[in-house]
Amino acid sequence: KNSAKAMEKELVTCSLQEKEKTAIDRSQIFQIPPRKDLETRVIVVLGKAGMGKSILVQKICQDWSNGEFSQFEFVFWFDCKQISLPEKRYSLKELLLEFFVKPQEGSKEIFEYILQNPAKVLLVFDGFKGLHDHENFPRCSASQPEKDLCSIKELLSGLIQKKILNGCTLLFTARPKDKLYQCMSKVDKTIEIVGFSPQQRELYITKYFEESPYCDSALKLIKECEYLFSHCYSPVMCRFVCFLCETVLEMGEKSLPSTLTEVFLKFFQQKIMLMQTDGTTTQNQESLATLARVAWCLGEKHQSAMKSDLLPSMEVKEFALKYGFFLPFALPRHSDSEEEEFGSTFSDFAIQNFLCALHLLLAEELRDKNLTKYLSFLSKKKKPYNWLDLMPRFLAGLMFLQDDPYFCSLSNEDAKQSTKKQKTLLKYIRRLQINTLCPERLLELLRCVYETQNNYLLQHVALRLEPDLSFLGIVLTPPDVHVLHSILKRSRKEFSLDLRNSGVDLQGLQALVSLRNVTSFRASLSDTVRLWKSLEQTKDYELLKASTEKFVLDPFKAKTMKDISDLSDLVEMQEKMMNCVQEASGCTRYEIPAIRNLRKLEFALGPACGLQGLLKLVKILGAFPSLQHLDLDALSENGIGDEGAKSLSEVFPTLTSLETLNLSQNKITDLGAENLATALPSLSSLKTLSLYNNNICDLGAENLAKVLPAMTSLRVLDVQYNKITGVGAQQLTDSLRKCPHIKNLVMWTPTIPYGVLEHLHQLDSRISV
């Protein structure tokens, strides 16, 4: 039971970015290794808001209707925004056969067939929020799924916990977070949508303007505005940028807005102003302010939908529907006699975020000083508004756009108020201790400051950045990279960047690395090698050499087979680099500094891949001339055994700088100890050797004892928790007399009687008791 709990905890707290990522085709989504049981299979599709998760699942439904995914006889698709209204309760039968589709006849027989054949059922829940909801899943008490009414949370809980419709396939779409909570241990497959590549962005824009007279000029105009083009990695943002570009070109203008806030300000202005008359201006301003309040009230609850009759007025409802800010939907009825109910949902997450920022700016009850608490770079005690992740950027941007004619057309706020709010933000950021912010909050600060386009603020932040900037494990999207790049450029400092597990794309990595004041960087090995191969192909030897000089690898921890493969690719790249540099500069030899300077290498692949990974690693160990610390001890135990020990001992002569060798907890027996002992004297710099918690007996101890006098650099030997008895201990002690250079011998183990060990300690104080 305890081990099961430990496994559950390990699964729950795993980071998605630690997993290996491979591109897959849509047809592979439901390919899961076969299992003996017929339990429910859970698939999660992750992606930031606007990445196209909903389009993907709709396409899956369309493909199924055209004969694909024939393993399913029934596919049910639900928008979680619509079914998760807090006041609504359903039975499973109502959810499937009332909300999604209502059969004209035979619904009882259909539902019975579904219950008897769950493996033929696919349930798709689009926009599921349970993955990052810290509340415990409620227990589902639906013993009669055709009758019992439950909240959607209870139904989902029953499905995931396999208490309802066990054997079906569940497909959830959700926003990614740093950690996955609760049901991660139940997930069979995780897929992440990462957005458009630069080439796909260009294709989308070209297709959007295919029939337009502006086809040629639109792509050029968007690409000229690098920040907006970077936002086009998100399909939804790409559509907004294209819409705005079309509007700009139709009006004869020659440039696009420089920030996302301006894009949405202009979007709202265009939507409303094109259809309004002088008489409706004030009414529209009032309706917009009310709609913004609704957006904020829902956003605080992590919701974007509500029952239509809960809207403040019919005017607001008609306003929202008329301009496309709201989309209507029907709610299921428990019986035919019930009156039909309708709901309303914001048509887009970005629209709701913008309206939330607008509300905070226009709300009379909010004082200027209170506005800053809604920005996400606050102290750790304050809760950031993660769900409304664009809202802080829009809020900061709008504070500096309040004298903009477009903003004035949407609100009736006076200029004095706007200046006051700008001063509040300036004062707040001036007092902010930027060097104390965690990476995530720092990134949010940079995003917000960039949206203001205020030169003083941009320069102020740039000058106060710490020289060592770590974004380890923080996802850096293309817009984030653009913002970081533009602010770093403003600083006179030299920077060291840690970009590991940040998901930075090739273009972003190249842009950051090419900055003159970025003097060193760490990034994932695969991304770095891919960048170098790209620079080699384009024959940009100058940047190739500069980026290799900046790259830092030490210390390196290998946790997967991919890490070992990437390390091998790096060594292989050095061979190619010799040819490139020779061609460019005439040098006959070139070493990548990261390879030359690697001093500590940790190996933690675990028992499943430990031996396989080590056999691959030993082939390249000799390429690291400065390696001082080789650590093969891992909490999960690598278990390299005697075969691994033998393979490693064969490369000892090449490890001339090695000072610490940790082979603890690796299931090494006397045979492995004998192979190690034969080669250990060739480690001319070795100071510390640990063989803690292996399976070495007296024969292994005897072989080690024989070579100790020849290991003149050795200072510490640890053979604790092996199977050495008093005989082996005596042999090591006898050898120790011939080794004045050794400072400490640790060999406590249950198989050596305490009295014997105490006696040996009295003979030689270097033996630890």
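Author: A charge sits over a ring if NZ of Lys or CZ of Arg is within 6 Å of the ring centre and within 35 degrees of the ring normal. The model is predicted, so local features need pLDDT of at least 70, side-chain atom pairs count only at pLDDT 80 or more, and totals for chains, interfaces and linings use all residues. Residues are numbered from 1 along each chain as its sequence is written, and side-chain values use heavy atoms, without hydrogens and water.

Reader: Over the ring of which residue does the charged end of Arg-239 sit?

Author: The charged end of Arg-239 lies 5.5 Å from the centre of the ring in question. That ring belongs to Phe-240.

Reader: How many aromatic pairs does the structure hold?

Author: Rings of Phe, Tyr and Trp (its six-membered ring) pair if their centres lie within 6.5 Å; planes under 30 degrees apart count as stacked, over 60 as edge-to-face and the rest as tilted. By this rule, the number of aromatic pairs is 28.

Reader: Is Phe-240 buried or exposed?

Author: Buried means under 20% relative accessible area, exposed over 50%, and partly exposed in between (1.4 Å probe, protein chains only). Phe-240 has a relative accessible area of 4%, so Phe-240 is buried.

Reader: What type of aromatic pair do Trp-532 and Phe-551 form?

Author: The two rings are 5.5 Å apart, centre to centre. With 90° between the planes, the pair of Trp-532 and Phe-551 is edge-to-face.
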